Amino acid sequence: VICSLSLDMGSWSGQGTIPLIPHFTQVVGTVITPAKLEAAVKQDTASNIYRLLKLLQYPAEELHFEDESVNLVTTMSAFLLLEPPTLSAGG
């Protein structure tokens with residue numbers, strides 16, 4: 001089944017983003033710094049895989065997608081940078 005849109009926040013090298021390409025009509029990956037964006041594009045000069053996905057330099061808080069338009073959100077590479085959730089006394 002091919003879905004419409006996948007969003008990978010903090011794509012970095014694209015290691016977790018690229019495998020999503022065959023399963024979605026559009027794959028969007030984000031990086032936070034211009035250096036990461038430049039490194040990702042330079043890394044891919046041979047295979048040109050980045051023509052199949054949209055790689056953006058945006059913090060997650062500034063992304064604008066229509067409600068219910070994203071089928072899958074991942075954050076594989078950036079997961080280590082997330083702060084752990086604070087749980088209440090009840091769990």
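Visitor: What should I know about the model before I start?

Guide: Residues are numbered from 1 along each chain as its sequence is written, and side-chain values use heavy atoms, with hydrogens and water left out. The model is predicted, so local features need pLDDT of at least 70 and side-chain atom pairs count only at pLDDT 80 or more, while totals for chains, interfaces and linings use all residues.

Visitor: What is the mean pLDDT of the protein?

Guide: pLDDT is the predictor's confidence in each residue, from 0 to 100. Here the mean is 77. Of the residues, 75% reach 70 or more.

Visitor: Where is confidence lowest, and where is it highest?

Guide: First, the naming. Helices (H or I, at least four residues) and strands (E, at least two) are DSSP runs, numbered from the N terminus. Confidence is lowest in helix H1, residues 34-43, with a mean of 74. It is highest in strand E4, residues 72-74, at 89.

Visitor: How many helices and strands does the protein have?

Guide: There is 1 helix, and there are 4 strands. Along the sequence they follow the pattern β-β-α-β-β.

Visitor: In what order do the strands of the sheet stand?

Guide: Two strands pair if DSSP finds at least two bridges between them. In this model, 4 strands make an open sheet in the order E3-E2-E1-E4, with parallel pairing. E3 (54-57) and E4 stand at the edges. Each has a single partner strand, so one side of each lacks a neighbour in the sheet. From one strand to the next, the twist averages 20 degrees. Angles like this run from 0 to 180 degrees between N-to-C directions, with axes as lines fitted to C-alpha atoms, for helices over the stretch in contact.

Visitor: How many bridges join the strands?

Guide: Take the pairs in turn. E2 and E3 are joined by 4 bridges. E1 and E2 pair over 6 bridges. E1 and E4 are joined by 3.

Visitor: Is Ser6 buried or exposed?

Guide: Buried means under 20% relative accessible area, exposed over 50%, and partly exposed in between (1.4 Å probe, protein chains only). Ser6 has a relative accessible area of 0%, so it is buried. It is found in strand E1, residues 3-9. Its bridge partner in E2 is Val27. In E4, Ser6 stands opposite Leu72.

Visitor: Which residues does Ser6 touch?

Guide: Contact means heavy atoms within 4.5 Å. Not counting residues up to four places away in sequence, Ser6 touches Leu20, Phe24, Gln26, Val27, Val28 and Leu72.

Visitor: What about Leu7?

Guide: Leu7 is also found in strand E1. In a regular strand the side chains alternate between the two faces of the sheet. Leu7 is buried, at 5% relative accessible area. Beyond four places in sequence, its contacts include Val28, Leu63, Phe65 and Val73. Leu7 and Phe65 are 58 residues apart in sequence, and 10.0 Å apart in space, C-alpha to C-alpha.

Visitor: Which residues form the largest nonpolar core?

Guide: A nonpolar core is a set of buried Ala, Val, Leu, Ile, Met, Phe, Trp, Tyr and Cys residues joined through side-chain atoms within 4.5 Å. In soluble globular proteins, nonpolar side chains tend to be buried together. The largest core here has 8 residues: Leu20, Ile21, Phe24, Val27, Val31, Ala40, Leu53 and Leu55. Strand E2, residues 24-31, gives the most to this core, with 3 residues. E2 is mostly covered, as 6 of its 8 residues are buried.

Visitor: What is the phi of Glu68?

Guide: Most residues other than glycine have a negative phi. Glu68 has a positive phi, near 60 degrees. It is found in the loop between E3 and E4. At 84% relative accessibility, Glu68 counts as exposed.
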